[in-house]
2 protein chains.
Amino acid sequence: MKESIDRILIPDLTRIPLFAHLRAEQLDAVREAAHRRSVASGGFFFHQGDVANTCYVILTGRVRITQIDADGRQVILHLVTPGEGFALVAPLSGGEYGVAAEAVDEAEALAWDGETMRSLMLRIPELALNALGLLSARLHELQERYRELATERVERRVARAVLRLARQAGRRTEEGILIDLPLSRQDLAEMTGTTLYTASRILTGWEQAGLVTTGRERLVIRRGHGLVAIAEDLPPRTPVHGNAAPLEP
Amino acid sequence: MKESIDRILIPDLTRIPLFAHLRAEQLDAVREAAHRRSVASGGFFFHQGDVANTCYVILTGRVRITQIDADGRQVILHLVTPGEGFALVAPLSGGEYGVAAEAVDEAEALAWDGETMRSLMLRIPELALNALGLLSARLHELQERYRELATERVERRVARAVLRLARQAGRRTEEGILIDLPLSRQDLAEMTGTTLYTASRILTGWEQAGLVTTGRERLVIRRGHGLVAIAEDLPPRTPVHGNAAPLEP
DNA sequence: CGCTATTTTGAGATGGCTCAAGCTATGTGG
DNA sequence: CCACATAGCTTGAGCCATCTCAAAATAGCG
């Protein structure tokens with residue numbers, strides 16, 4: 001009963017990168033061990049410090065992975081989009097989640113008990129290899145963001161964050177590319193290591209330059225190449241605050 | 001011949017976390033597929049952008065993992081110590097190394113061709129699981145450092161970096177805990193996302209406060225709890241530059 | 001239609017960066 | 001063995017990108 005429902009509701013397990021290249025019989029094993037979990041918008045799959053017991057793969061909705069320190073300062077580490085997994089490894093060995101996972105939308109996920117996932121990976125080495133590749137990609141991305149945070153100015157980091165969001169959650173509209181998420185100034189600040197005030201000023205500047213259109217928790221990119229120019233260093237154009245950069249001699 | 005030499009020179013493969021809990025026969029397979037590579041102090045196992053073809057586990061010496069951007073600004077992402085692996089995953093699927101690996105000492109490593117390691121992991125799922133756990137720990141550590149970089153002051157980040165180094169490369173001496181590495185102010189700056197000048201001023205301050213003794217590429221911790229107090233927030237004591245913090249009303 | 005969360009904006013403070021010099025180990029070649 | 005060269009380190013002065021704090025404007029929502 002449960003199994004047949006799952007088969008119907010999960011038509012495309014092969015399209016989930018974690019399960020790429022698995023044989024039909026292996027997919028069946030994975031599917032049969034899965035259960036489902038839905039979390040309402042704003043709800044949490046887990047909080048930082050919870051006992052890590054469940055692995056997830058998102059089917060619909062988005063989930064943000066955050067970390068918070070003792071003083072309540074929070075950073076947004078990652079936005080999980082459909083097809084992606086999160087908390088794939090910590091539950092294998094128990095311990096605690098080092099981050100929190102909060103649903104940005106109403107989100108639905110496949111879930112596996114950590115022990116179950118561990119035995120699946122032992123039985124299906126391709127699954128472990130897939131997880132390894134995905135985790136490696138995440139590490140790689142975070143390394144780059146770490147370097148950016150250490151070496152680059154706020155405006156550039158915000159531009160990169162917005163472009164990344166456009167890739168992950170962008171939707172073409174007549175206005176331009178809409179970031180299809182509730183995205184406050186505070187959120188943007190937590191993604192880029194700055195303050196909500198600075199984020200606001202930067203967006204105001206971009207809006208005046210015609211690069212974006214903004215609203216309450218809303219952002220539309222009008223001239224993506226303008227943001228790219230800020231994110232990369234192509235033309236040192238359109239600085240948002242402070243004076244124009246002096247010309248190189 | 002080669003095999004028997006390896007058996008002699010690698011007495012303790014079981015003590016390497018990547019190979020923990022493997023059976024003797026599995027260890028043999030791993031060992032037989034390994035070759036060795038030595039790199040002189042200052043040399044590179046690979047540079048950023050090189051084709052990723054080899055996985056490594058360090059036997060002796062230390063290796064630092066760095067990333068550099070187009071403008072030549074560099075960050076130190078990790079210090080690999082004996083027993084630890086690096087570049088474990090990227091070589092499995094080809095592509096490029098996203099970071100560089102530079103020997104701090106004369107360093108010796110076990111090395112496996114990426115294809116070879118891939119097939120070992122497919123054959124020995126425990127190996128893939130071990131790699132997954134190690135990679136996850138690295139991701140976790142980097143996430144914390146990312147948050148620290150985004151939310152904390154330079155002095156605290158430097159204190160944390162020094163304490164981390166003490167754990168990884170500390171050696172008890174009569175003077176105190178010596179960081180047993182050539183460690184320049186520039187290095188410290190690249191580990192903490194600051195400049196060599198600021199790092200220098202901070203160390204000067206700590207030296208005047210009796211927390212450390214410094215020298216050319218040398219650092220000895222005299223009062224570790226003093227550094228911990230800075231790294232955590234226990235007593236807001238001994239600020240190094242600027243004035244003393246005002247008292248809370 | 002009032003409440004509340006979000007955003008904007010100003011004014012001021014400052015932590016840390018930049019640049020410029022000079023200083024000091026360390027090691028090197030004469 | 002010494003004087004010079006070099007790489008690392010310190011320090012001062014000035015600046016400025018960004019943070020802080022405060023307040024007002026705005027926009028959804030119930």
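Begin the tour at B:Gly170, which lies in strand β9 of chain B, residues 170-172. The model is a predicted one.

**Stop 1: B:Gly170**

Select B:Gly170 together with the residues around it. B:Gly170 counts as buried because 21 C-beta neighbours fall inside 10 Å, the threshold for that class being 20 or more. Leaving out residues up to four places away in sequence, B:Gly170 touches B:Ile177, B:Leu178, B:Ile179 and B:Asp180.

**Stop 2: helices α5 and α6 of chain B**

Next, select residues 154-169 and 185-192 of chain B, which are helix α5 and helix α6. Two packed helices are described by the angle between their axes and the distance between those axes. Here the axes come within 9 Å and cross at roughly 105°. α5(B) is therefore roughly perpendicular to α6(B). By class, five nonpolar residues, one polar residue and one charged residue form this contact. Show the side chains of B:Val154, B:Arg157, B:Val158 and B:Ala161 in α5(B), which meet B:Leu188, B:Met191 and B:Thr192 in α6(B).

**Stop 3: the loop at B:Ala87**

Remain in chain B and move to the loop between β6 (85-86) and β7 (100-103), where B:Ala87 lies. B:Ala87 is not a glycine, yet its phi is positive, near 55°. Is B:Ala87 buried or exposed? B:Ala87 is buried, since 28 other C-beta atoms lie within 10 Å.

**Stop 4: from chain B into the core**

Select B:Leu132 and display its contacts. Apart from neighbours within four places in sequence, B:Leu132 is in contact with A:Val89, A:Ala128, A:Ala131, A:Leu132 and A:Leu135. The largest nonpolar core has 140 residues, and A:Leu132 and B:Leu132 are the members that touch the most others.

**Stop 5: the interface and its symmetry**

Colour the model by chain and select the residues in contact between the two chains. On each side there are 32: 32 residues of chain A are in contact with 32 residues of chain B. Which elements of chain A give two or more residues to the side that touches chain B? They are β5 (74-80), α3 (114-123) and α4 (125-151). α4(A) supplies the largest share, 19 residues. Colouring the side of chain A that touches chain B by class gives 18 nonpolar, nine polar and five charged residues.

Then superpose the two chains. Chain A is brought onto chain B by a rotation of 180° with 0.0 Å of shift along its axis, at an RMSD of 0.0 Å. This is the relation of a two-fold axis. The same surface serves both copies, as 100% of the contact residues of chain A recur in chain B.

**Stop 6: chain A as a whole**

Of the 249 residues in chain A, 41% are buried. Among contacts in chain A with a separation of 6 or more, 68% join residues 24 or more positions apart.

**Stop 7: A:Ala109 in strand β8**

Select residues 107-113 of chain A, strand β8, and within that strand A:Ala109. A:Ala109 counts as buried because it has 27 C-beta neighbours inside 10 Å. Not counting residues up to four places away in sequence, A:Ala109 touches A:Arg37, A:Phe45, A:Tyr56, A:Val57, A:Ile58 and A:Leu59. Include A:Gly43 as well: this residue is 66 residues from A:Ala109 along the chain, with 13 Å between the two C-alpha atoms.

**Stop 8: helices α5 and α6 of chain A**

Select residues 154-169 and 185-192 of chain A, helices α5 and α6, whose axes come within 9 Å and cross at roughly 105°. α5(A) is thus roughly perpendicular to α6(A). From α5(A), A:Val154, A:Arg157, A:Val158 and A:Ala161 meet A:Leu188, A:Met191 and A:Thr192 of α6(A).

**Stop 9: the loop at A:Glu217**

Finish at A:Glu217, in the loop between β11 (212-215) and β12 (218-221) of chain A. A:Glu217 has a positive phi of about 55° although it is not a glycine. With 13 C-beta neighbours inside 10 Å, A:Glu217 counts as partly exposed.

Note on methods. Residues numbered from 1 in each chain as written. Chains lettered and ligands numbered in written order. Predicted model: local features only at pLDDT ≥ 70, side-chain atom pairs only at ≥ 80, totals over all residues. Core = buried A, V, L, I, M, F, W, Y, C linked by C-beta atoms within 7 Å. Buried ≥ 20, exposed ≤ 12 C-beta atoms within 10 Å, placed from the backbone. Contact = placed C-beta atoms within 7 Å. Least-squares fit on C-alpha atoms with pLDDT ≥ 70 in both. Axes fitted to C-alpha atoms, helices over the stretch in contact; angles between N-to-C directions. Helix = DSSP H or I, 4+ residues; strand = E, 2+ residues; numbered from the N terminus. Parallel < 35°, antiparallel > 145°, perpendicular 65-115°, else oblique. Nonpolar A, V, L, I, M, F, W, Y, C, P; charged D, E, K, R; others polar.
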